[in-house]
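Subject: Structure handover

Hi,

Here is the structure you asked about. Please open it first, then read my notes below.

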Amino acid sequence: MNIPRRIASAILNSLKGGVVPRIGLPFIAVGRKAEIEALLHDIGLVAEGGAAFRFLVGRYGSGKSFLLQTIRNYAMDRNFVVIDADLSPERRLQGTRGQGLATYRELIRNMSTRTRPEGGALPLILDRWISAIRSECAAESGCSPDDPAFSGLVERKIYSVVNALNELVHGFDFARLLTLYYRSHLEGDEGTGANVLKWFRGEYATRSEARSELGVGVIVTDDDWYDYIKLFATFLKRAGYAGLLIVIDELVNLSKIPNSITRQYNYEKLLAMYNDVLQGKAQHIGILMGGTPQSVEDPRRGVFSYEALKSRLEEGRFAGGPVRDLLAPIIRLEPLTGEEMLVLVEKLAEIHAGFFGYSRIPAQEELIAFLREEYGRVGAESHITPREVIRDFIELLNIAAQNPETGLAGLLASGAFRPAEPPEQAGTGEPDFEEFEL
């Protein structure tokens with residue numbers, strides 16, 4: 001594979017550190033075809049004006065975050081704006097000390113597009129919207145941008161876009177801020193433009209501060225931040241994008257909230273968002289949330305501890321077993337098969353060799369020997385995950401590259417390679433690698 005060194009470095013360093021790289025995912029994507037097709041169906045629905053809400057559930061290291069990032073990239077390639085955040089003790093859906101607002105700020109900070117995939121795309125989106133309107137007005141009217149009447153045409157065009165927001169909750173103030181941003185762009189008033197961006201990012205602490213600087217008497221708060229996300233979705237559609245995708249990972253942090261009342265308030269917010277989407281109150285918006293089985297199914301602290309959510313999300317009588325319902329609200333990730341893991345380590349071996357500039361890529365027999373070593377240890381069948389296997393494999397490749405006289409096979413045969421035992425031991429097991437022809 002011909003991969004730029006910057007991307008290869010990001011892939012290897014991220015995976016060795018146990019995190020998902022934000023770039024280069026197509027080079028290492030393996031399996032998950034059915035799940036990706038189901039989620040792309042949702043994205044198509046959002047692009048047509050609908051809305052979608054899904055939970056991706058898998059154990060730590062099972063590839064859940066990888067799949068979320070993969071769908072994020074697919075959405076941006078389809079002209080979506082994507083915002084993403086990981087929940088934490090400081091970032092929740094609802095809070096009494098700004099935790100909900102902190103989640104909103106993280107989402108807006110990570111706003112990404114195809115041309116700005118690393119985040120921070122809000123100013124670019126607004127400037128692109130204004131430029132597109134100016135070009136459209138010039139084409140329709142035949143006026144030159146230097147014509148005195150041209151600015152009036154552009155302003156009327158902008159009003160036609162922002163007036164559609166007035167019917168939504170907080171839409172009037174949101175539309176007013178968009179108009180302020182346009183005027184600051186027209187007049188070269190960088191201070192006002194920066195203040196509008198500050199407001200959109202949820203950085204105003206008090207209403208009086210926002211009123212004195214912008215003339216707007218509302219700010220984004222813990223209670224209403226999701227309303228502004230819906231406004232963004234409507235605006236982005238009118239600004240020429242396909243829709244808005246929200247990716248929220250680490251749902252487990254809601255189940256870890258020690259106070260039961262605070263935890264229930266967060267699940268109540270989650271229910272409101274879920275109902276909004278399924279009842280058609282939200283448009284042009286898709287929501288993906290990632291969590292562990294325990295964070296969802298734990299009857300005491302998980303999502304299912306909130307009865308209204310449990311009744312909406314739990315499987316029916318016919319689900320389960322060998323046949324999965326990938327149209328259900330919850331998509332449960334199955335472990336990667338032996339064949340898929342072999343393809344994955346082959347890709348990583350090739351990337352590693354290209355990045356460090358050595359020519360001898362491990363043979364398939366060596367890769368299968370490595371996987372047998374990994375999956376043959378105690379507890380592997382129940383507890384080992386792709387994250388652990390990948391981390392061990394990159395470490396082994398690093399050692400082999402520094403000791404070319406020994407090679408991968410020599411390290412495996414020497415007995416020096418001893419993967420760490422899983423934290424919980426529950427039986428032994430190993431994927432069936434016998435079907436590979438050595």
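Let me start with a histidine. His284 is buried, with a relative accessible area of 13%. His284 sits in the loop between α12 and β4. Its phi is positive, about 60 degrees, although His284 is not a glycine. Keep in mind that this is a predicted model.

Glu250 is another residue to look at. Glu250 also has a positive phi without being a glycine, here about 65 degrees. You will find Glu250 in the loop between β3 and α11 (252-255). Glu250 is partly exposed, because its relative accessibility is 23% and the buried class stops under 20%.

**The sheet**

What is the strand order of the open sheet? The order is β2-β3-β4-β1-β5, which makes 5 strands with parallel pairing. β2 and β5 (330-332) stand at the edges. Each has a single partner strand, so one side of each lacks a neighbour in the sheet. From one strand to the next, the twist averages 20 degrees.

Now the pairings. In general, strands of a sheet pair through backbone hydrogen bonds, either parallel or antiparallel. In this model, β2 pairs with strand β3 (residues 243-249) in the parallel sense, over 7 bridges. Val82 has Leu245 in β3 as its bridge partner. Helix α4 packs on the sheet and touches β2 and β3. The direction of α4 makes about 135 degrees with that of β2.

Strand β1 pairs with two strands, β4 and β5. With strand β4 (residues 285-291), β1 is parallel over 7 bridges. Ala52 stands opposite Gly286 in β4. With β5, β1 is parallel over 3 bridges. There, Leu56 has Ile331 in β5 as its bridge partner.

Is β1 mostly covered or mostly open? Strand β1 (residues 51-57) is mostly covered, with 7 of its 7 residues buried. In a regular strand, side chains alternate between the two faces of the sheet. In β1, Ala51, Phe53, Phe55 and Val57 point one way. Ala52, Arg54 and Leu56 point the other way. Both sets are buried.

**Salt bridges**

How many salt bridges does the structure hold? There are 12.

Take Arg72 and Asp84. Their side chains meet in a salt bridge at 3.4 Å, N to O. Arg72 is in helix α3 (residues 64-77) and Asp84 in strand β2 (residues 80-86). The pair links distant parts of the chain, 12 residues apart. Arg72 is buried, with a relative accessible area of 0%. Asp84 is buried too, at 6%. Arg22 joins in: Arg22, Arg72 and Asp84 are linked in a network of salt bridges.

Next, Arg91 and Glu106. Their closest N and O atoms are 3.9 Å apart. Arg91 lies in the loop between β2 and α4 (99-109), and Glu106 in helix α4. The two are 15 residues apart. Arg91 counts as partly exposed, at 22% relative accessibility. Glu106 counts as buried, at 15%.

Last, Asp276 and Lys230. The closest N and O atoms of this salt bridge are 2.6 Å apart. Asp276 lies in helix α12 (residues 260-278) and Lys230 in helix α10 (residues 225-238). The pair therefore ties together parts that are 46 residues apart in sequence. Asp276 and Lys230 are both buried.

**A helix pair**

Helix α15 (residues 338-356) packs with helix α18 (residues 386-402). The angle is about 35 degrees, and the axes are 11 Å apart. The crossing of α15 past α18 is right-handed.

Which residues make the contact? From α15 they include Met341, Leu344, Leu348 and Phe356. From α18 they include Pro386, Ile390, Phe393 and Leu397. His352 of α15 and Asn398 of α18 also take part. By class, the contact has 13 nonpolar, 2 polar and no charged residues.

Best wishes

Definitions and conventions: Residues are numbered from 1 along each chain as its sequence is written. This is a predicted model: local features need pLDDT of at least 70, side-chain atom pairs count only at pLDDT 80 or more; totals for chains, interfaces and linings use all residues. Side-chain values use heavy atoms; hydrogens and water are left out. A salt bridge is a side-chain nitrogen of Lys or Arg within 4 Å of a carboxyl oxygen of Asp or Glu. Helices (H or I, at least four residues) and strands (E, at least two) are DSSP runs, numbered from the N terminus. Buried means under 20% relative accessible area, exposed over 50%, partly exposed in between (1.4 Å probe, protein chains only). Two strands pair if DSSP finds at least two bridges between them. Axes are lines fitted to C-alpha atoms, for helices over the stretch in contact, and angles run from 0 to 180 degrees between N-to-C directions. Contact means heavy atoms within 4.5 Å. A crossing is left-handed if the near helix is turned anticlockwise from the far one by less than a right angle, and right-handed if clockwise. Ala, Val, Leu, Ile, Met, Phe, Trp, Tyr, Cys and Pro count as nonpolar, Asp, Glu, Lys and Arg as charged, and the others, Gly among them, as polar.
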